[in-house]
Amino acid sequence: MVVAARKGRAMASPLTNGPMAITTTAPPGVLGGWLSRIPLPKWALIAVTVAVAILLLLFLICVIRCCCGKKKPKKKERVSLYAMSGSTTASLVQPEMEDLEQGTEQNGRGKLQYSLEYNFRAQELKVGVKKAAELKAMDSGGTSDPYVVVYLTSDTKKKYETKVYRKTLNPIFNESFTFQVPQVEVPESTLVMQIYDFNRFTKHDIIGEVRLPLASVSLQHVIEQWSDLAAASKVEEEQLGEICFSLRYIPSTGKLTVLILEAKKLKRMDSHGLSDPFVKVNLILNKKKWKKKKTTVKKNTLNPYFNEMFVFEVPFNQIQSVDVVISVWDHDKVTKNKPIGKLFLGCQATGNQLRHWSDMLSNPRRPLAQWHNLQPPDVVDKALGLKS
């Protein structure tokens, strides 16, 4: 045994002490070499590895739930429509459009407070427009510029307008208007109060209206009440057209500039369904015609474009007493020229005309353009005290 041990030592000594000694540690693998190149401590590598493993585990859990957790869809009941009539099928699939329109018309327009008082001795009906609430927003900013038009169906030519109130859905008007109505005509008349949204450059949009048959109310005492706004009646009076013009006044020089831009949707005056329109601009001072100018005639059109400017000398001390009358006429070579419609602006005007005039005075040297609806000529002449 001793001899064998000695032989073993003798055989092992050259392997350990020689220059070609082999170490007992195994060579590093590919993964170890790659990890040794990352400039991070060992604990950071372990943390990253654990985080990646957790994310992979969560991803696998989500995939398993999505694949195995879907419920089988219930079988839909089949409805046979072949045995039903066309009208019945349509009523099941889609409601009537008239019902939808009525539903939208009745809701969300707002309400109006007004008062009525009839003087039997003077045979006058006094209408008070108090205020409105919760009006429908007509502008993109979520508001409206409301004003009220008041008239009787027995005399649609005579209309009153309140002032325009900017950017509000709850305007307070507190304005009153008086109508001459014989007592025998009261039951046959209907009071109409329409609320419009004012637009300077486009047609004014109607928000809603209140139609009150006077035969349905007792005028023995003063009435004050609220009414919900309804959709505007489709039955409208004859439209005379619209005109757009600009006003500018310079107080220092006393120059009033009227720029007639264009008109549209004018009333047909000729037999072939068109007109030959031109515009007159008259200045009225103390109920007397003072100065006048007119545009050229535009042939065979209901939508003429003029772009013609007129300058009037109006001293600053007279501007408050001047009324500007804008009238559209149909030119006729054979017979007399016929008026299509009129309107006037000044301190005694009402509604949009008064607003336009006030804006001009409050913004000197600045041209202000606006669209206006034409009115019957006799109504304007009567308001100004002129002969038709």
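Guide: Helices (H or I, at least four residues) and strands (E, at least two) are DSSP runs, numbered from the N terminus. This is a predicted model, in which local features need pLDDT of at least 70 and side-chain atom pairs count only at pLDDT 80 or more, while totals for chains, interfaces and linings use all residues. Residues are numbered from 1 along each chain as its sequence is written, and side-chain values use heavy atoms, with hydrogens and water left out.

Visitor: How many helices and strands does the protein have?

Guide: Counted as such DSSP runs, the elements of the protein come to seven helices and 16 strands.

Visitor: In which element is Asn-174 placed, and is Asn-174 buried or exposed?

Guide: Asn-174 belongs to strand β5, which covers residues 172-180. Most residues other than glycine have a negative phi. Asn-174, however, has a positive phi near 55° without being a glycine. Buried means under 20% relative accessible area, exposed over 50%, and partly exposed in between, with a 1.4 Å probe and protein chains only; because its relative accessibility is 57%, Asn-174 counts as exposed.

Visitor: Where is Asn-300 found, and what is its phi?

Guide: Asn-300 is found in the loop between β12 (288-294) and β13 (305-313). At 45% relative accessibility, Asn-300 counts as partly exposed. Although Asn-300 is not a glycine, its phi is positive, at about 50°.

Visitor: Why does Arg-109 count as buried, and which residue has its backbone oxygen 2.6 Å from a polar atom of the Arg-109 side chain?

Guide: Arg-109 is placed in the loop between α5 (97-106) and β1 (111-119), and it counts as buried because its relative accessibility is 14%. A polar contact is a pair of N or O atoms within 3.5 Å; within protein, one must be able to donate a hydrogen and the other to accept it, and residues adjacent in sequence count only if both atoms are side-chain atoms. A polar atom of the Arg-109 side chain lies 2.6 Å from a backbone oxygen, that of Ile-207.

Visitor: How many disulfides does the structure hold?

Guide: A disulfide is a pair of cysteine sulfur atoms within 2.5 Å. Cys-244 counts as buried, at 5% relative accessibility, whereas Cys-347 counts as partly exposed, at 37%. The number of disulfides in the structure is zero.

Visitor: What percentage of the contacts with a separation of 6 or more comes from residues 24 or more positions apart?

Guide: Contact means heavy atoms within 4.5 Å. Of the contacts in the protein with a separation of 6 or more, the share from residues 24 or more positions apart is 63%.
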